[in-house]
Amino acid sequence: MLKLQFVDRRQPAFWLVDPRLTIGRDKTNNLVINDEGVSVFHAELQQEDGKLYLRDTGSVNGTFLNGEPVSKRVEVKVGDMIRLHLVELQIIDPTKAPPEPAAPVIKREMPKAPPLWQVKAMTGVISGRMFPIEGTNVIGRDPHCDIIVGGAHVSRRHAEFQIRSGQLWVKDLGSSNGTFVNGKRNDETALQNGDEVKFDAMIFKVVGPAEAVAASDFEDEAERTQFRPVVNVPAAKPAAKNPSPVPVSQVPKPAVAAPKVAPPAPVSAPVAEPSPSMSPTEAKNGMGMLVIVVLIIIALLAAYYLA
């Protein structure tokens, strides 16, 4: 057995028991709906041969089935939506479990990286507000500008901020009072982190990558910096714990002193004793020879020590 259920649950579900069910504001209807948009006799449901049919009974605001207006009797099936003006009803079968709604697919978006370049308003009613710069952003009094600023001396389209190859630029769009960067008037120039851009009395501070430095800044810094050559002094090597042995052939040999030759021991000449049978002349000649031998020995010793 089927049921007719209110989508907003304003009234309890109604069992479709009778072969004919009338719907309307009048109390004589089988299903009474007290809603100003529902006619007195709005529609009816009919059951024939196991099938269910819907028919509009001359309502003012019409009867709709699944969003389509009902002009003649149409068949209704389980799950179909019936709308009487703003009141929605659904045909359900209590014996069948309603299909479980598919779990919603949660798309996890990667956190968006903050913009590399922004400008911060420093004056006026928008003071303190940050404006991310992506692509080209026009600034001026025109309501169609990306950044709208007040001021009688600000042109309608005063200037534009633009990203070029990752670098922020400002370009004056022919304004009456010009565009100033750090107090100097510029028609078009690249901007750096911390620069101040002025349009009449409106001042904006550039907030960008801290490492973004113009090439001219590098040149100025190079001129102010003097480089001194650095002499690389080799560090003393620590003594090896186990030095490798030096080849014997490379070891210097100590000087060897010449061996001192000991002087020959004095030879004592034998004293010839006169033979008892020697004559005095023979004894005198023998003494003379002895004297000569002694003199020769003394001469040899003197020559040795004097050499």
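Mentor: Strands are DSSP runs of E with at least two residues, and helices are runs of H or I with at least four, both numbered from the N terminus. The model is predicted, so to speak, on its own terms: local features need pLDDT of at least 70, side-chain atom pairs count only at pLDDT 80 or more, and totals for chains, interfaces and linings use all residues. Residues are numbered from 1 along each chain as its sequence is written, and side-chain values use heavy atoms, with hydrogens and water left out.

Most residues other than glycine have a negative phi. H85, however, has a positive phi near 60°. This residue sits in the loop that joins strand 10 (81–84) to strand 11 (87–92). H85 is partly exposed because its relative accessibility is 25%; the class lies between buried (under 20% relative accessible area) and exposed (over 50%), with a 1.4 Å probe and protein chains only.

S165 is likewise not a glycine, and its phi is positive, about 50°. The loop that holds S165 runs between strand 16 (159–164) and strand 17 (167–172). With 87% relative accessibility, S165 counts as exposed.

Strand 16 also contains R164. R164 and E188 form a salt bridge, their closest N and O atoms being 2.4 Å apart; the term requires a side-chain nitrogen of Lys or Arg within 4 Å of a carboxyl oxygen of Asp or Glu. Because E188 belongs to strand 20 (residues 188–190), the pair ties together parts 24 residues apart in sequence. Both partners are partly exposed: E188 at 37% relative accessibility, and R164 at 26%.
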